[in-house]
Amino acid sequence: AGLLVLALLGIWVVTVGANNVFTIYFSAHTQATLPRTVRGKFMGNMMTVFTLGNAAGTALFGRAMDTEEYRGKIDGSRMLLGLALVLKVGITAFMVLGPSRAAMKTKAP
C-alpha cells in the first residue's frame, strides 16, 4: 500500500506540474492573440471551464477508484491519466495549429 501511495503522489506532482505549464502557455497565448478589451472576459470564461473540468475529473477519478479490486483501481487511474494527456495534447495542438487562430487575431468592436 505504501508503494501505491508513493506512486499516486508522484503522478499527482507530475499532473500538477503539467497543469501549471499548460496554464502558463495558455495565458501567454491568449495575451498574444486577444485584444485587451476581451481578454478579461475570455480568461474568466476559461477559468470557469477549468474549474468545471476539475470537478468532472475529480468525479471521474472517484468512480475509477470506487472498486474493490486493487488491479481495477490501477487500470482505471492509468486510463484516466492517458485520456487526460491525450486531451491536453489535442487542445494544445488545436490552439497552435487550429483554424481559429485567424479568428482570434481579429480586433473586437
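**Helix contacts, a pocket and a buried residue**

Reply: Let us begin with a contact between two helices: in α2, L60, F61, A64 and M65 meet G72, K73, G76, S77 and L80 of α3. Contact here means heavy atoms within 4.5 Å. By class, five nonpolar, three polar and one charged residues form this contact of α2 with α3. Ala, Val, Leu, Ile, Met, Phe, Trp, Tyr, Cys and Pro count as nonpolar, Asp, Glu, Lys and Arg as charged, and the others, Gly among them, as polar. The model is predicted: local features need pLDDT of at least 70, side-chain atom pairs count only at pLDDT 80 or more, and totals for chains, interfaces and linings use all residues. Residues are numbered from 1 along each chain as its sequence is written, and side-chain values use heavy atoms, with hydrogens and water left out.

Me: At what angle do α2 and α3 pack?

Reply: Two packed helices are described by the angle between their axes and the distance between the axes. For α2 and α3 the angle is about 155°, and the axes lie 8 Å apart. Axes are lines fitted to C-alpha atoms, for helices over the stretch in contact, and angles run from 0 to 180 degrees between N-to-C directions. The two helices, α2 and α3, are therefore roughly antiparallel to each other, a term for angles over 145 degrees.

Me: How many helices and strands does the protein chain have?

Reply: The chain has four helices and zero strands. Helices (H or I, at least four residues) and strands (E, at least two) are DSSP runs, numbered from the N terminus.

Me: How much space lies in the largest pocket?

Reply: Rolling a probe the size of a water molecule over the atoms shows where empty space is left. The largest pocket holds about 1,500 Å³ of space. Of its 34 lining residues, T15, N19, G57, A84 and K88 are the closest to the centre. On a 1 Å grid over the protein atoms alone, a pocket is an open set of points where a 1.4 Å probe fits, with protein on both sides within 12 Å along at least five of seven lines; lining residues have an atom within 4 Å of a point. Grid points are joined across faces, edges and corners, and a volume is the space filled by probe spheres set on the points. Helix α2 gives the most to this lining, with twelve residues.

Me: Is T30 buried or exposed?

Reply: T30, found in helix α1, is buried, with a relative accessible area of 1%. Buried means under 20% relative accessible area (1.4 Å probe, protein chains only), and exposed means over 50%. Leaving aside neighbours within four places in sequence, T30 is in contact with R39, F42 and M43.

Note on methods:
Angles under 35 degrees count as roughly parallel, over 145 as roughly antiparallel, 65 to 115 as roughly perpendicular and the rest as oblique.
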